[in-house]
Amino acid sequence: MSAQPGTTAPSPRRRMRRADREQQLLDVAEQIFGERGFVAVTMEEIAEQAGVTKPVLYDHFGSKDGLAVACIARARSELLRLTVQAQAQVGTPEDILLTGFRVFFDFIESHERAWAMLVAEGSLASAPAAEELERVRQQQADYTAAVLAAGMPGVPEEVIGTYAQAIIGACERLAVRRRHDPELSPETVARSLAELVWFGISGIRDGARWPS
């Protein structure tokens with residue numbers, strides 16, 4: 001149909017590349033999941049907010065579970081990338097430790113709504129998504145263990161792994177505390193945790209042991 005005289009013909013909707021569309025859908029889903037929680041949100045709402053049809057959403061992710069998993073997997077990849085990148089720019093073991101914690105808390109702050117949905121509020125009812133969230137924890141624990149091992153030669157691997165898991169748990173609890181106390185800055189919690197871990201590492205390296 002041609003445009004009427006004096007009017008402008010509507011321009012056809014520009015098609016996105018599949019990869020770009022996927023990122024856009026993930027952005028929208030992360031925001032809506034964070035605002036309302038995984039259970040309450042429907043695929044129809046996400047599709048409408050993203051300006052696509054439900055079949056497009058299902059074509060990309062298969063299901064709401066698949067969409068949640070993709071959101072978490074993207075966050076997992078981005079968190080590791082930022083951590084590795086930041087720590088590569090510092091030299092001392094103390095700075096490496098502090099930088100890793102700072103990246104984590106900065107990342108959580110920039111994804112605060114999604115973090116609340118996934119962890120702090122405990123409203124994630126999807127088993128596949130919960131498994132993907134556990135992969136995030138394990139990824140960070142494995143990476144932390146590698147950093148600790150480099151500074152704690154001779155300490156058994158299983159002990160290093162226990163320390164790393166404890167640190168990841170502490171990071172999560174501090175992230176929850178920051179959500180309830182926004183005046184507590186990422187820098188403050190990162191430095192406090194780094195001091196606790198660093199002096200613990202120093203004591204172990206110096207031969208300190210729990211009294212028998």
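Reply: The residues that line the second largest pocket divide into 11 nonpolar, one polar and no charged. Here Ala, Val, Leu, Ile, Met, Phe, Trp, Tyr, Cys and Pro count as nonpolar, Asp, Glu, Lys and Arg as charged, and the others, Gly among them, as polar. The model is a predicted one, in which local features need pLDDT of at least 70 and side-chain atom pairs count only at pLDDT 80 or more, while totals for chains, interfaces and linings use all residues. Residues are numbered from 1 along each chain as its sequence is written, and side-chain values use heavy atoms, with hydrogens and water left out.

The space in this pocket comes to about 200 Å³. A pocket is an open set of points on a 1 Å grid over the protein atoms alone, where a 1.4 Å probe fits, with protein on both sides within 12 Å along at least five of seven lines; lining residues have an atom within 4 Å of a point. Points are joined across faces, edges and corners, and the volume is the space filled by probe spheres set on them.

Two helices, α8 (157-180) and α9 (186-205), each supply at least two residues of the lining; helices are DSSP runs (H or I, at least four residues), numbered from the N terminus. The largest share, six residues, comes from α9. The lining consists of Leu-148, Met-152, Tyr-163, Ala-166, Ile-167, Ala-170, Leu-193, Leu-196, Val-197, Gly-200, Ile-201 and Ile-204.

Elsewhere, Lys-64 lies over the face of Phe-38, at 4.6 Å from the ring centre; the criterion is NZ of Lys or CZ of Arg within 6 Å of the ring centre and within 35 degrees of the ring normal. Phe-38 is buried, because its relative accessible area is 5% and buried means under 20% (1.4 Å probe, protein chains only).

Terms used
Buried < 20%, exposed > 50% of the residue type's maximum accessible area, 1.4 Å probe, protein only.
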